[in-house]
Number of protein chains: 2
Amino acid sequence: MSEATSRHLRLYVELRSRICLLDYPPGTRLSEEALASEFGTSRTPLRRALARLEDEGLVVSRHGVGTLVTDVEIGELAQTYALRLELAQLTGHLSPRPATAATLDEIKDFVARGHALVACPDPRVFAGLNMDYHRFGLSLSGNDALRDVAERLYFRTARIWLKAIPRLDLAEECAIFLEEMQQTETALRAHDLHAAALIRRAHISMSFQRLSTF
Amino acid sequence: MSEATSRHLRLYVELRSRICLLDYPPGTRLSEEALASEFGTSRTPLRRALARLEDEGLVVSRHGVGTLVTDVEIGELAQTYALRLELAQLTGHLSPRPATAATLDEIKDFVARGHALVACPDPRVFAGLNMDYHRFGLSLSGNDALRDVAERLYFRTARIWLKAIPRLDLAEECAIFLEEMQQTETALRAHDLHAAALIRRAHISMSFQRLSTF
DNA sequence: GCCGTCCTGGTTGTGCACAACTTTCGTCCC
DNA sequence: GGGACGAAAGTTGTGCACAACCAGGACGGC
């Protein structure tokens, strides 16, 4: 991979993480100059990364004003979740990858991290674990297109869900999350990827239900 | 919409069309300078559009070499089609929009254009009609996220399918396409969006079957 | 004849200076 | 005192010059 490409990817991924982990909550104004100097580049490559984030709807740049982190209204959130449900289930159908020993080790590790989270609930840790676990869920399918699409949708709305966490019961959310990972571990041990996908679907659905009580 | 945004969109859409209509077949080298002068801008805004095309996988820029239109191997094509099948069917489930009189006029017009195409088969006209019809199919769902995702996948692979057309029977492909639109018209007249989505799914599936005989 | 080297033309990537634009705040007129 | 106007500061968008890089060919040594 070329130097330029790798730098672009680094900037893009880092900024995307900061946005979705609420280091930059919706409405934050990102300064091109400040970010460029932080990352040790000029504005040009940084603008390339911001442009991609804008194309994907995570920020919006307005001439003379600034680059602002976007918010998402409930209507769009509902549509995106409706689609994510279906995609989650599809991970069990579209070229599923048989669970290997490595897969089982991974899910075991996730469960361990879940226990640690329940013992000491923290929104930031929750968000990071959730993001990692999402990526793990996608890795169960061998369909690249499905992975790309699902990842895109996840990052499109993850920050909104996280923003609502303080208004929910953090401890309870952590417990539910741990439960999901435990159920998934059971399914994977039984080598039932279909079941694992359904579990994922069910929990995304319930998560949105709890979210939309506001 | 700002001046810059509208220009960006114009460049992006125009280049994407040219790529997917095979005005620029896979492997073509796009010159930033030439395109910039054609569109009457400097390289900077043009590079913004090319960068987006690269992020979406339609071109690849290599330092010192050029910007090349990508090709797609059969494996990726299969995965993308597998996903497109599911998404096509979902347009019948995820906030389907009831067929109005305007909808019926539209599909009637498509059938008319289909008849004209069958009378005088032409790859370029075929491609244009197919692209318009694809957009029409998406408009039957009110789910923005689904539309975005499906459109992205369509443009990702449309040129590959079109590239294979000369190796198939053009007249037969046109006839099949017309048939699909006629069947869809019947479904829409019956206000059965579920059926319309299944017809779309079936034809995408069969289209890929014919395609992958090579 | 063959291989390695260097040079040259052409392309994308980067940095910088400036243009275009928006917001805010101060000032002046009424 | 209120409102309109304008200047100023700060931001993103654009154009340009140059750096970095790659492919191909000429050239010379062997």
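In this predicted model, a polar side-chain atom of A:T44 lies 2.6 Å from a base nitrogen of DNA strand C.

| Residue | Atom of DNA strand C | Distance |
|---|---|---|
| A:R7 | phosphate oxygen | 2.4 Å |
| A:T44 | base nitrogen | 2.6 Å |
| B:H63 | base oxygen | 2.9 Å |

Several elements give two or more residues to the surface near DNA strand C: from chain A, α1 (3-20) and α3 (43-55), and from chain B, β1 (29-30), α3 (43-55), β2 (59-62) and β3 (66-69). Of the atoms of DNA strand C that come within 4 Å of the protein, sugar and phosphate account for 67%. By residue class, the surface near DNA strand C holds 9 polar, 6 charged and 5 nonpolar residues.

The second topic is helix α9 of chain A. It has 19 residues (193-211), which at 1.5 Å a residue should span 27 Å; the end C-alpha atoms are 27 Å apart, so the two values agree. The buried residues of α9(A) are A:L193, A:A196, A:A197, A:I199, A:R200, A:H203, A:I204, A:S207, A:F208 and A:L211. Because these cover an arc of only 165° around the axis, they lie on the same side of α9(A). Their packing partners in chain A are α4 (74-90), α6 (123-138), α7 (144-164) and α8 (170-189). At the start of α9(A), a side-chain oxygen of A:D192 comes within 3.3 Å of the backbone nitrogen of A:H194.

Note on methods: Residues are numbered from 1 along each chain as its sequence is written. Chains are lettered from A and ligands numbered from 1 in the order in which they are written. This is a predicted model: local features need pLDDT of at least 70, side-chain atom pairs count only at pLDDT 80 or more; totals for chains, interfaces and linings use all residues. Side-chain values use heavy atoms; hydrogens and water are left out. A residue is near a molecule or strand if one of its heavy atoms lies within 4 Å of it. A polar contact is a pair of N or O atoms within 3.5 Å; within protein, one must be able to donate a hydrogen and the other to accept it, and residues adjacent in sequence count only if both atoms are side-chain atoms. Helices (H or I, at least four residues) and strands (E, at least two) are DSSP runs, numbered from the N terminus. Ala, Val, Leu, Ile, Met, Phe, Trp, Tyr, Cys and Pro count as nonpolar, Asp, Glu, Lys and Arg as charged, and the others, Gly among them, as polar. The expected span of a helix is 1.5 Å times one less than its number of residues. Buried means under 20% relative accessible area, exposed over 50%, partly exposed in between (1.4 Å probe, protein chains only). The arc is that of the directions from the helix axis to the C-beta atoms. Contact means heavy atoms within 4.5 Å.
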